[in-house]
Amino acid sequence: MTKRSFLVILCCFAGVLLWAQPSQKERLRQQSQELRNQISALNKVLNENRAGSQKSLLYIKSLEEKIKAQDQLVSNANREKRFLDDEIYLAQLEINHLNREMAELKKEYKEVLVNAYKNKSMQNKVVFVLGSKNFTEAYRRLKYLEKYSNFQGEKAEEIKVKQAEIEKTIAVREAAKKEKEMLLARQQAMRDNLEIERREQNQILADYRKNASNIASDLRQKQQQTDRIQSQIQAIIQEEIRIAREREEAERRQREEAARLERERLARVEAERREREAREARERELAAASSGRTTPAPAPRPAEPAPTPLPAAAAPAPTPSPAASEATALSSSFAANQGSLPWPTASGQVVGRFGRNPHPVLPQVMENNPGVKIATSRGSMARSVFGGTVTSIMTPQPGMFAIVINHGDYFTVYNNLESVNVTKGQKVGIRDNLGRIFTDSENNTILDFQIYKGMTKLNPASWVTGM
């Protein structure tokens, strides 16, 4: 492979890279913009909670999420810088290639101009044409002179186009250099800010760990309280299930009683029919005897077949009660929305996952959650995730409330409220406000959200979208 061939292949490869890079860089920029939007939303949460307490779980969790997002943003900036470095390098390769082509074009054009100068006089051209042996050769020489003249113009135009390409590629390179400088400045600012927030996070965690024993003791007390509330919730759900079963049993007995009454009615109809036929037969016999006829009485007409009594299972059942139909439809609809239920708060962060998990700040302390714990902003409301009926409003302790909503076979629980907006037996719709979530002395506003199917606890993260 000659050096010229190698340069051509290299330039073609550079062109392909220059074509492919913008789409990759654009995707990277979109991802970075999403991260900046996320950081902006987290800044809002942090500013709202900074005044209350920087030890609240929402503040700590939001700060952790922001640091992760900023780490990713810095990483994206590094990747974007590499893209820009490649752009600058490939643009320089293209400029070098175009400059070499320009040098060749200028050399060729110079030769054309020299030849044109040597043969510039009209006399030389006339002599060139007149020196032809015949008319055909003269015509060809005229066409040659015409093409040669056009060739001069084409070479000049080609040089102009090549110069424009060089200037355009230089502009691309300079724009990439400028963009790189701006990116480096932003990256440095992000790193400085990230370092400040890491120090803040380390300080908060250090203060938190100093009180680890007290926090662990408080968590044990809260766990005991949670267990007591769980017993009450399960008792309420169990009572709801008992009532539903009793209602179903009463409806079953009603259906069986209706079937029994139908069988008795059909039996009476059959007995009355037979009695009527026997009476008609006796009357015909008496009429024949009184008339003195010796011929046998005409055979009675065939009796119409009596209706066959229906078995108990096939007997016409009464119309199911509206409550039973509604519960069945609601249960099916709730189940059909698994994975797409809305959050029970307008915004927030999950700070306690379902089941047994380490504490979000003290990993050595384990928690056992019957649902999920969602940290949100002070004054936030708990919202129903689906339509249903308020089964119970509990008061685990003075000034604290928990709401249980019936969705057919399913139940949702909203615990740790300081006020309620609904009443027992009230029907609620999706995203209806149920009550204000309690905020403790550390500015923690945490909703304990649970889902049950019958007596079985379910993981809300499998039901709520994006949890």
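The protein contains six helices and 12 strands, assigned as DSSP runs (helices H or I, at least four residues; strands E, at least two) and numbered from the N terminus. The model is predicted, so that local features need pLDDT of at least 70 and side-chain atom pairs count only at pLDDT 80 or more, whereas totals for chains, interfaces and linings use all residues. Residues are numbered from 1 along each chain as its sequence is written, and side-chain values use heavy atoms, with hydrogens and water left out.

Of the 467 residues in the protein, 35% are buried (under 20% relative accessible area; exposed is over 50% and partly exposed in between, with a 1.4 Å probe and protein chains only). The accessible surface amounts to about 28100 Å², and carbon and sulfur atoms account for 53% of this area (Shrake-Rupley method, 1.4 Å probe). Among contacts (heavy atoms within 4.5 Å) between residues at least 6 apart in sequence, 72% join residues at least 24 apart.

The largest pocket has a volume of about 830 Å³. A pocket is here an open set of points on a 1 Å grid over the protein atoms alone, where a 1.4 Å probe fits, with protein on both sides within 12 Å along at least five of seven lines; lining residues have an atom within 4 Å of a point. The volume is the space filled by probe spheres set on the points, which are joined across faces, edges and corners. The lining comprises 32 residues, and L219, K222, D440, N444 and I446 lie nearest the pocket centre. Two or more lining residues come from each of α5 (212–291), β1 (349–352), β6 (388–397), β7 (400–407), β8 and β11 (445–453). Helix α5 gives the most, with nine residues. By class, 12 lining residues are nonpolar, 12 polar and eight charged.

Strand β8 (residues 410–417) includes T412. T412 has a relative accessible area of 0% and is therefore buried. Its side chain forms a polar contact with the side chain of Y414 at 3.0 Å (N or O atoms within 3.5 Å, one able to donate a hydrogen and the other to accept it; residues adjacent in sequence count only if both atoms are side-chain atoms). Beyond four places in sequence, T412 is in contact with F334, V385, I403, V404, I405, H407, F449, Q450 and I451.

H407 belongs to strand β7 and is likewise buried, with a relative accessible area of 0%. Apart from residues up to four places away in sequence, H407 touches L330, S331, F334, F386, G387, G388 and T412.

Key. Ala, Val, Leu, Ile, Met, Phe, Trp, Tyr, Cys and Pro count as nonpolar, Asp, Glu, Lys and Arg as charged, and the others, Gly among them, as polar.
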